[in-house]
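Work through the exercises below with the sequence and the structure side by side, and try each task before reading its solution.

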Amino acid sequence: LLRWEGDLRYGQRGEASGAFRQATRPGLPGAFDYARFLRLSGIRHLFWAADLTVTQVEPTDWRRLVAASLDARERVLRHLLAGELGDQERATLAAMTLGFRQGMEAPERQLLARSGLIHLFAISGLHVGVLFAVLMTGLSLTGLRFETRHLVAPALLLLYVLATGAPPSAMRAWLMLSLWSLGRGLKLPTDGLNSILLAALLLLLYQPLWLFHAGFQFSFVVVLALVWGWRQ
């Protein structure tokens, strides 16, 4: 949490000084428990920054692609939210399409969480899987070859995942679908279970501590159960 008077852009890097603090619990029974919400996401402390110094103004290397995708996300959001829409409709549209949930009020989030509908407002494997199916259908209508479709679809899907902020759940789904699609495009023997397990292995090689993250465990266990159950 930081009060910053300058203009910060995606891709910039900086150094901050401050302190880590635990999130406060609600004072009234039944109120939104922000501390518990953070713990479910694997966050134990918040960093309260007292000072920030920008050390790199322009992004470099692969960060340019991420910064460009996030900038494109904001431009798309401005077009989507233009027009005669109420505040609640704007927040719902932004959350369901591009995962921008900052406009949703805390009581609304709590109501969605209790009803089980919060999954629809978080860019996750469900959104990525649906978009992948749409992309494959659209590419097939263009007349592209089978191999080309399966090689192009993961690249197009990655642009969307990056534009949504690349949440871990969406990245996991993209990696699983990409491994399966690339195998099909290269005419290699593909197996759904192997693709899922290889995606989990690659993610753990990148960040071993994700093994203890509830979101990581839940995602792969559920997908494995669905694939194995479908076969049975």
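**Exercise 1. Describe how helices H2 and H6 are placed relative to each other, and which residues meet.**

Step 1. Two packed helices are described by the angle between their axes and the distance between the axes. In this predicted model, the axes of H2 (residues 63-80) and H6 (residues 146-163) come within 8 Å and cross at roughly 70°. Here axes are lines fitted to C-alpha atoms, for helices over the stretch in contact, and angles run from 0 to 180 degrees between N-to-C directions; helices are DSSP runs (H or I, at least four residues) and strands are DSSP runs (E, at least two), numbered from the N terminus.

Step 2. That angle makes H2 roughly perpendicular to H6, since the label covers 65 to 115 degrees, while angles under 35 count as roughly parallel, over 145 as roughly antiparallel and the rest as oblique.

Step 3. With contact meaning heavy atoms within 4.5 Å, Leu65, Val66, Ser69, Leu70 and Arg73 of H2 meet Leu159, Leu162 and Ala163 of H6. The residues of this contact divide into six nonpolar, one polar and one charged (Ala, Val, Leu, Ile, Met, Phe, Trp, Tyr, Cys and Pro count as nonpolar, Asp, Glu, Lys and Arg as charged, and the others, Gly among them, as polar).

Residues are numbered from 1 along each chain as its sequence is written, and side-chain values use heavy atoms, with hydrogens and water left out. For this predicted model, local features need pLDDT of at least 70 and side-chain atom pairs count only at pLDDT 80 or more, whereas totals for chains, interfaces and linings use all residues.

**Exercise 2. Decide whether Ser195 and Lys187 are buried or exposed.**

Step 1. Buried means under 20% relative accessible area, exposed over 50%, and partly exposed in between (1.4 Å probe, protein chains only).

Step 2. Ser195, which lies in helix H8, counts as buried because its relative accessibility is 9%. Leaving aside neighbours within four places in sequence, Ser195 is in contact with Met176, Leu179 and Trp180.

Step 3. Lys187 sits in the loop between helix H7 (168-185) and helix H8 (192-206), and its relative accessible area of 61% makes it exposed. Lys187 also has a positive phi of about 60°, although it is not a glycine.

**Exercise 3. Find where in the chain the confidence is lowest and where it is highest.**

Step 1. The mean pLDDT (the predictor's confidence in each residue, from 0 to 100) of the chain is 80, and 94% of its residues reach 70 or more.

Step 2. Confidence is lowest in helix H4 (residues 106-115), at a mean of 72, and highest in helix H5 (residues 125-141), at 88.
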